[in-house]
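Here is a short report on pockets, a cavity and a surface patch. Keep the structure open as you read.

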Amino acid sequence: MSKIMRRVISTAKAPAAIGPYSQAVQVGSTLYVSGQLGLDPQSMNFVSDSVVDQAKKALENMGHILEAAGTSYGNVVKTTVLLKSMEDFGKVNDVYASFFKEPYPARAAYECANLPKYGLVEIEAVAVVGELEDK
């Protein structure tokens, strides 16, 4: 039986993990990106108290991790959006739409009682590393 490769992905361009987890883990051609907050990677503070700014930074951070793994937003096949308040769904959706293009990834969105560091939004993703062909 052949072994399946597991590779931990890490980049200084995105915030360091704030717990016992990796920024991302690649298994075979599947990349699992941990939830990203709107944190500045150097200060580890939120970029602002705005859900729009936090969503933009979270997705920028995700982009750096995708790049470190050799893939991009176009290869993301599933995301999960966690919101402090579902009232922010429209604002976050507008930011999200500026990062992802058709065909859009599958997605779920949930309101949470709290997020790490009391953030307003957290976004995780599953992506494919390698060339995708759309049908």
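How much space lies in the second largest pocket? About 150 Å³.

## Basis of the model

This is a predicted model: local features need pLDDT of at least 70, side-chain atom pairs count only at pLDDT 80 or more, and totals for chains, interfaces and linings use all residues. Residues are numbered from 1 along each chain as its sequence is written, and side-chain values use heavy atoms, with hydrogens and water left out.

## Second largest pocket

A pocket is an open set of points on a 1 Å grid over the protein atoms alone, with protein on both sides within 12 Å along at least five of seven lines; lining residues have an atom within 4 Å of a point. Points are joined across faces, edges and corners, and a volume is the space filled by probe spheres set on them.

The second largest pocket has 13 lining residues. Nearest its centre lie Ile-18, Tyr-21, Gly-35, Gln-36 and Leu-37. Strand β3 gives the most to this lining, with three residues. Strands (E, at least two residues) and helices (H or I, at least four) are DSSP runs, numbered from the N terminus. The lining divides into eight nonpolar, four polar and one charged. Here Ala, Val, Leu, Ile, Met, Phe, Trp, Tyr, Cys and Pro count as nonpolar, Asp, Glu, Lys and Arg as charged, and the others, Gly among them, as polar.

## Largest pocket

The largest pocket holds about 200 Å³ of space. Its lining has 15 residues. Gly-74, Asn-75, Val-76, Lys-101 and Pro-103 lie nearest the centre. By class, the lining has ten nonpolar, two polar and three charged residues.

## Cavity

A cavity is a set of grid points where a 1.4 Å probe fits but cannot get out. One cavity of 30 Å³ or more is counted. Val-81, Phe-89, Val-92, Asn-93, Arg-107 and Ala-109 line the largest cavity. Two or more of these residues come from each of α2 (89–97) and β5 (106–111). α2 gives the most, with three. Four lining residues are nonpolar, one is polar and one is charged.

## Surface patch

Ile-4, Val-27 and Tyr-32 make a nonpolar surface patch of about 300 Å². Patch residues have over 30% relative accessible area and no salt bridge; like charges are joined within 9 Å, and nonpolar side chains (Val, Leu, Ile, Met, Phe, Trp, Tyr) within 5 Å. A salt bridge is a side-chain nitrogen of Lys or Arg within 4 Å of a carboxyl oxygen of Asp or Glu. Areas come from the Shrake-Rupley method with a 1.4 Å probe; for residues, only the protein chains shown count as cover.

Tyr-32 sits in strand β3 (residues 30–36). Tyr-32 counts as partly exposed because its relative accessibility is 44%. Buried means under 20%, exposed over 50%, and partly exposed in between.

Conventions. Buried means under 20% relative accessible area, exposed over 50%, partly exposed in between (1.4 Å probe, protein chains only).
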